[in-house]
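Q: Could you walk me through this model, with the cut-offs spelled out as you go?

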2 protein chains.
Amino acid sequence: MDNHHFFMGEALAEARKAFEKGEVPIGAVVVHRGDIVARAHNLRETAKDPTAHAEILALQEASRVLGGWRILDSVLYVTLEPCPMCAGALVMARIDCLVYGAKDPKAGAVESLMNLVQFPKLNHQVEVIGGVRETECSNILKQFFRKLRDKK
Amino acid sequence: MDNHHFFMGEALAEARKAFEKGEVPIGAVVVHRGDIVARAHNLRETAKDPTAHAEILALQEASRVLGGWRILDSVLYVTLEPCPMCAGALVMARIDCLVYGAKDPKAGAVESLMNLVQFPKLNHQVEVIGGVRETECSNILKQFFRKLRDKK
């Protein structure tokens, strides 16, 4: 099992926590020099906060743990391709590398609608690895929305 | 004095609070149906948080006050053109209208580098009014960076 597979599994575990709370199941972890320093999942409904995406919460936690707003030597793993807000936050935080699972054709700001994390005129670019455990990351979302439709 | 002028004055007052704390002086307010429901200023250094921009903090406060992640019927005033993270957050929050002061040629995601708040494929677009009290909004930043250079 390679590192990306393992750490994406941790992000998937976070996504399952979101699922249990009735939140769109998206999870993220931040890995700093090989150690997980932050774990988070989408809490938009619970927190009633438009910024409470898994990536934003994970970056906030990582900056608390590491003691500064620059989250250096770190990789962020997230189950879904980040939206523009989260892609922008990765650049702001100076994240080295983004690893994500499923694509988001509706709001993805890494490859689907645009590529904000490697925008040449911004002062930082993020390495990107997509498609890690893509099917599992996508399936948990499909399962969530199917359940939501069945309820209605 | 028109409303935009007045509310931008309140955002400028927030920017001055940031200045006093040694933070890059950017301020924001959220106005919901004519009332200020949130005030915030950049706290990136103080909070040691890459997401602690004035706009993000103001949106978080507005969602607490209004009780949901959708910040409807609201205008966000900010002294500087938002970065990609903050522009994305405005779309996520479903803000009706963005009013800003100075342009940000280095990271502005409304007119300088791109226009994220009116990106056709995203599920919400934000009305934009730029250049309100532009000189004052720009001057406080110039004054801050001049002081920083003099110190060095």
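Q: What should I know before reading any values?
A: This is a predicted model, in which local features need pLDDT of at least 70 and side-chain atom pairs count only at pLDDT 80 or more, while totals for chains, interfaces and linings use all residues. Residues are numbered from 1 along each chain as its sequence is written, chains are lettered from A and ligands numbered from 1 in the order in which they are written, and side-chain values use heavy atoms, with hydrogens and water left out.

Q: OK, strand 3 of chain A: how many of its residues are buried?
A: Seven of the seven residues are buried, so strand 3 of chain A is largely enclosed by the rest of the structure. Buried here means under 20% relative accessible area, with exposed over 50% and partly exposed in between, using a 1.4 Å probe and protein chains only. Strands are DSSP runs of E with at least two residues, helices are runs of H or I with at least four, and both are numbered from the N terminus.

Q: Which way does strand 1 of chain A run against strand 3, parallel or antiparallel?
A: Strand 1 (residues 27-32) and strand 3 of chain A run antiparallel and are joined by five bridges, where two strands pair if DSSP finds at least two bridges between them. Within that pairing, Val30(A) has Leu76(A) as its bridge partner.

Q: And what about strand 3 with strand 4 of chain A, parallel or antiparallel?
A: Strand 3 (residues 74-80) and strand 4 run parallel, with five bridges between them; Val75(A) is partnered with Cys97(A). The chain gets from strand 3 to strand 4 through helix 4 (residues 84-92) of chain A, in a right-handed β-α-β crossover, that is, with the strands pointing away from the viewer, the path from the first strand over the helix to the second runs clockwise. Also in this pairing, Val78(A) stands opposite Tyr100(A).

Q: Where does strand 4 go from there, in terms of bridges?
A: Three bridges join strand 4 to strand 5 (residues 127-129) of chain A, and these two run parallel, with Val99(A) opposite Ile129(A). Strand 4 (residues 97-102) is itself mostly covered, as six of its six residues are buried.

Q: Zooming in, what does the side chain of Ser74(A) make a polar contact with?
A: Its partner is the side chain of His32(A), at 3.1 Å; a polar contact is a pair of N or O atoms within 3.5 Å, where within protein one must be able to donate a hydrogen and the other to accept it, and residues adjacent in sequence count only if both atoms are side-chain atoms. A polar atom of the Ser74(A) side chain also lies 2.7 Å from the backbone oxygen of Leu72(A). Ser74(A) belongs to strand 3 of chain A and has a relative accessible area of 0%.

Q: And Ile71(A), buried or exposed?
A: Ile71(A) is buried, also with a relative accessible area of 0%, and sits in the loop between helix 3 (54-66) and strand 3 of chain A. Setting aside neighbours within four places in sequence, the residues in contact with Ile71(A) (heavy atoms within 4.5 Å) include Leu59(A), Arg94(A) and Pro50(B).

Q: What about charges over rings, where does Arg44(A) sit?
A: The charged end of Arg44(A) sits over the ring of Trp69(B), 3.6 Å from its centre, and Arg44(B) lies over the face of Trp69(A), at 3.6 Å from the ring centre. The criterion is NZ of Lys or CZ of Arg within 6 Å of the ring centre and within 35 degrees of the ring normal.
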